[in-house]
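Student: Please take me through this model feature by feature, giving the general idea before the particular case.

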Amino acid sequence: MRCLRAGTSGGGMVTATLNGKGEMRKLEIDPGLMKPEEKEVVEDLVTAAVNDARAKVDAMVQEKTQEMMGGLQLPPGMKLPF
């Protein structure tokens, strides 16, 4: 089962669809906001930038969580954050 949710802004002129992990899967921008021939490229670039930012946040959270937990021994296979 795919878990996708869409958010909108600008009265529906921009729609972003994320999966259950918070990764952007699709971005739609109303053609009236830009040159039609650039629409798909801009959507792809914004999607890639958002997903890159999300990956960096996830890595930082994992690093900071490990720092806070110090030498806490967890059972094998258990990762932080839970």
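**Reading the model**

Tutor: R54 is partly exposed, with a relative accessible area of 34%, where buried means under 20%, exposed over 50%, and partly exposed in between (1.4 Å probe, protein chains only). The model is a predicted one, in which local features need pLDDT of at least 70 and side-chain atom pairs count only at pLDDT 80 or more, whereas totals for chains, interfaces and linings use all residues. Residues are numbered from 1 along each chain as its sequence is written, and side-chain values use heavy atoms, with hydrogens and water left out.

Student: Which elements does the protein chain contain, and in what pattern do they follow one another?

Tutor: Elements are DSSP runs numbered from the N terminus, helices being H or I of at least four residues and strands E of at least two. The protein chain has one helix and three strands, and reading along the sequence gives the pattern β-β-β-α.

Student: In what order do the strands of the sheet lie?

Tutor: Strands of a sheet pair through backbone hydrogen bonds, either parallel or antiparallel. Here an open sheet of three strands runs in the order β1-β2-β3 with antiparallel pairing; its edge strands, each pairing on one side only, are β1 (5-9) and β3 (24-29). From one strand to the next the twist averages 15 degrees, with axes taken as lines fitted to C-alpha atoms (for helices over the stretch in contact) and angles from 0 to 180 degrees between N-to-C directions.

Student: Over how many bridges do β1 and β2 pair?

Tutor: Two strands count as paired if DSSP finds at least two bridges between them. For β1 and strand β2 (residues 14-18) there are five bridges, in the antiparallel sense, and within this pairing G7 stands opposite A16 in β2. The pairing of β2 with β3 is likewise antiparallel over five bridges, with L18 opposite M24 in β3.

Student: Is T15 buried or exposed, and which residues does T15 touch?

Tutor: T15 has its place in strand β2 and is buried, with a relative accessible area of 17%. Leaving aside residues up to four places away in sequence, T15 touches A6, G7, T8, K26, L27 and E28, contact meaning heavy atoms within 4.5 Å. Strand β1, by contrast, lies largely in the open, because zero of its five residues are buried. Over the protein chain, buried residues make up 15% of the 82 residues. Of the contacts in the protein chain with a separation of 6 or more, 8% are accounted for by residues 24 or more positions apart.

Student: How many salt bridges does the structure hold?

Tutor: A salt bridge is a side-chain nitrogen of Lys or Arg within 4 Å of a carboxyl oxygen of Asp or Glu. The structure holds five, including one between the side chains of D52 and K56 at 3.1 Å, N to O. These residues are four apart in helix α1, so about one helical turn separates D52 and K56; D52 is partly exposed at 39% relative accessibility, and K56 is exposed at 54%.

Student: What is the N to O distance between D58 and R54, and what is it for K64 and E67?

Tutor: The side chains of D58 and R54 meet at 3.3 Å, and both residues lie in helix α1, four residues apart, about one turn of the helix. D58 counts as partly exposed, with 39% relative accessibility. K64 and E67 meet in a salt bridge at 3.9 Å; being three residues apart in helix α1, K64 and E67 are also separated by about one helical turn, and K64 is partly exposed at 42%.

Student: Which residues make the nonpolar surface patch?

Tutor: V57, M60 and V61 make a patch of about 240 Å². V61 belongs to helix α1 (residues 39-69) and is partly exposed, with a relative accessible area of 34%. Patches are made of residues with over 30% relative accessible area and no salt bridge, like charges being joined within 9 Å and nonpolar side chains (Val, Leu, Ile, Met, Phe, Trp, Tyr) within 5 Å. The protein chain has an accessible surface of about 6,500 Å², of which 58% belongs to carbon and sulfur atoms; accessible areas come from the Shrake-Rupley method with a 1.4 Å probe, and for residues only the protein chains shown count as cover.
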